[in-house]
Structure formats: structure tokens, C-alpha cells
Amino acid sequence: MSLDRLAPAIFVLLWSTGWVVAKFATVVSEPLTFLAIRYLAAAVLFACLCLASGVTWPRDARTVLHALVSGAFLHGIYLGAVWWAIGEGVPAALSSIIAALQPLMTALAAPFFIGERLSTSQKAGLCLGFLGVVLAVVPKFFGQGGVEIPAFAIVVNMLGMAAVTYGTIYQKQYLHTGDIRAIATLQYVGALIVTVPFALGLESLHVDFGFAFAALLAWSVLGISMGAILLLLYLLRRGQVSRAASLIYLVPPIAALQAALIFGEELTAPMILGTVIAVAGVYLTNRKDVAPAE
């Protein structure tokens, strides 16, 4: 089976573990501090990979700048906002619902930024995917009881979703060439540039160094920051931006399944139904329509 067929499924599985990592990471470190360490480690490892592979680095200053800017939005602002919001009390279920709006925003914005046009079935798939995510995750959110959620933290979470939407489109607009390993290295440098000032200003940089921290950092860097991001960059390079973004629809239902297995949370019938509907929506959004006969 080709990488083009396997990459979406592997990406979704890897990326969905980020919700579990975010929940655990708040126990061993402050969120922005953890992310800063993660970005630094990812940038160093990617640079070593580039050197060992003889990768040709971008020589155009404009390409380097575009990589830094896209990384600031795709990683720094997006994850920083989401992790900070979860640390401030936003439930993971609600956070995932907000994140699930990103593919719809991307699909709606893509025609204005890069001229992509969606077919009728793709539009239906996006709506269906959003419906499936809501069905899968909303019951989990309401099942947590009447916990007060800081409104400002929700706004920050939404800003993170907007940031990754813009970062996805920016990536498609300006980074058409260049080795994806070199681009990923520069993107984590861009994320680090954004995250460090906020970590210094908002946190005490507290970290409980130990096995739990090392394990979380290792998976965050190797599994998500390197494995998942390389796949995402590959998907963005190979396909339409709206189709790549639609894969995010599958992340919240799978994250809910992981939470059920790891934290013992209940898997309800709406979650299962929502997952099926989300899968159908992703299929419609990614399906290549047959051109009508003339």
C-alpha cells in the first residue's frame, strides 16, 4: 500500500495523541514551558536529521522567512493557545470541538487566498464532518457537570484555531519548494521564537524532571513533532489544503476513544455514531469527483 493511502490514517492516529499528552503534560510542567522545550528538542533533532541526510537548505532568504512565519502560526501560536487554554480550565472535549472548526474555516478561506474551489460533495463532507465531531464530543463535555469555564481561555483557544487555519493556508501559498525536513526545522525555530517570550512572561518555567516528563517529551517530539508533522507537510505538499485540513475531523473522536482507554471515560452511543458520520464526511471531502462528460 502506498504512502499516499497510509499517510492520512497514520497522521490522524499520531496527532490525536496530542490531547492525551496535553492533559498529562500539565502535571509535570507548565504548558508553554513544556512546549518551548519540545520545540527546541524538535528543532535540534530535525537539524541533525538534515545534516545526516545531506539535505539542501533553502538559500533564498524569503523562503527561510516564510518557513519561520508558518511555523510560528502552525505550532507556536496554535499549540501555545490550546495548551494554555487547557491549563486554564478549558475541557479537552470543548477544545477539540473548537479545533474541529478549523477545516471548515480553511475550506471557506481557501478560495479567497489560493483560489481553491470545493465541489458540492466536498462542501457536504465538511458539514457532515463537523456534525459528526459535535455528536461525538459534546456529550463528553456536558457529562463533566457544571464546571465554570473561563471565557477568556475559550477566546484564546479560538484564536489558536484561527492561527492554525491561517498557518495552513500560508504554508500552501508560500512554501511550494524545499526539502520538507529543512522546512520543518525552520518552522520549529519560528515556533520557539514565539513561545519563549510568552513562557518567560506568563510562567515560572517550573518543570518536574523525571521519567514521566522524559516519556512525554520523547513522544511529543518523536511521535508528534517529527512523525506527525512530516506527514502533515507531505499531505499539504501533495494535495489540496482543504482536503488535508479535513483530516482534523477524525482527531476528536479518536482522542475520545483514547481517553476512554487511558482514563476510563465512557464511550457513549453518540460518540460512536459521531465517529461514523465524521468518517463519512472525511471520505466525501477527500473523494476526487469524476469530471462531467461534455
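C50 has a relative accessibility of 0% and is therefore buried (under 20% relative accessible area with a 1.4 Å probe and protein chains only; over 50% is exposed, and values in between are partly exposed). The model is a predicted one, in which local features need pLDDT of at least 70 and side-chain atom pairs pLDDT 80 or more, while totals for chains, interfaces and linings use all residues. Residues are numbered from 1 along each chain as its sequence is written, and side-chain values use heavy atoms, with hydrogens and water left out.

Zero disulfides (cysteine sulfur pairs within 2.5 Å) are present in the structure. C50 takes part in none, the nearest cysteine sulfur being that of C48 at 9.2 Å.

Aromatic pairs (ring centres of Phe, Tyr and Trp, the last by its six-membered ring, within 6.5 Å; planes under 30 degrees apart are stacked, over 60 edge-to-face, the rest tilted) number ten. One of these, Y170 with Y174, is tilted, with 4.6 Å between centres and 55° between planes. Both residues belong to helix 7 (residues 151-174), and because they are four residues apart, about one helical turn separates them. Y170 is buried at 7% relative accessibility, whereas Y174 is partly exposed at 39%. A single aromatic cluster is formed by F34, W83, F209 and F213.

The second largest pocket contains about 280 Å³ of space. Of its 13 lining residues, I77, G80, A81, V156 and F198 lie nearest the centre. Helix 3 (61-87) supplies the largest share of this lining, five residues.

How values were computed
Helix = DSSP H or I, 4+ residues; strand = E, 2+ residues; numbered from the N terminus. 1 Å grid on protein atoms, 1.4 Å probe; cavity = no way out; pocket = protein on both sides within 12 Å on 5 of 7 lines; lining within 4 Å. Points joined across faces, edges and corners; volume = space filled by probe spheres on them.
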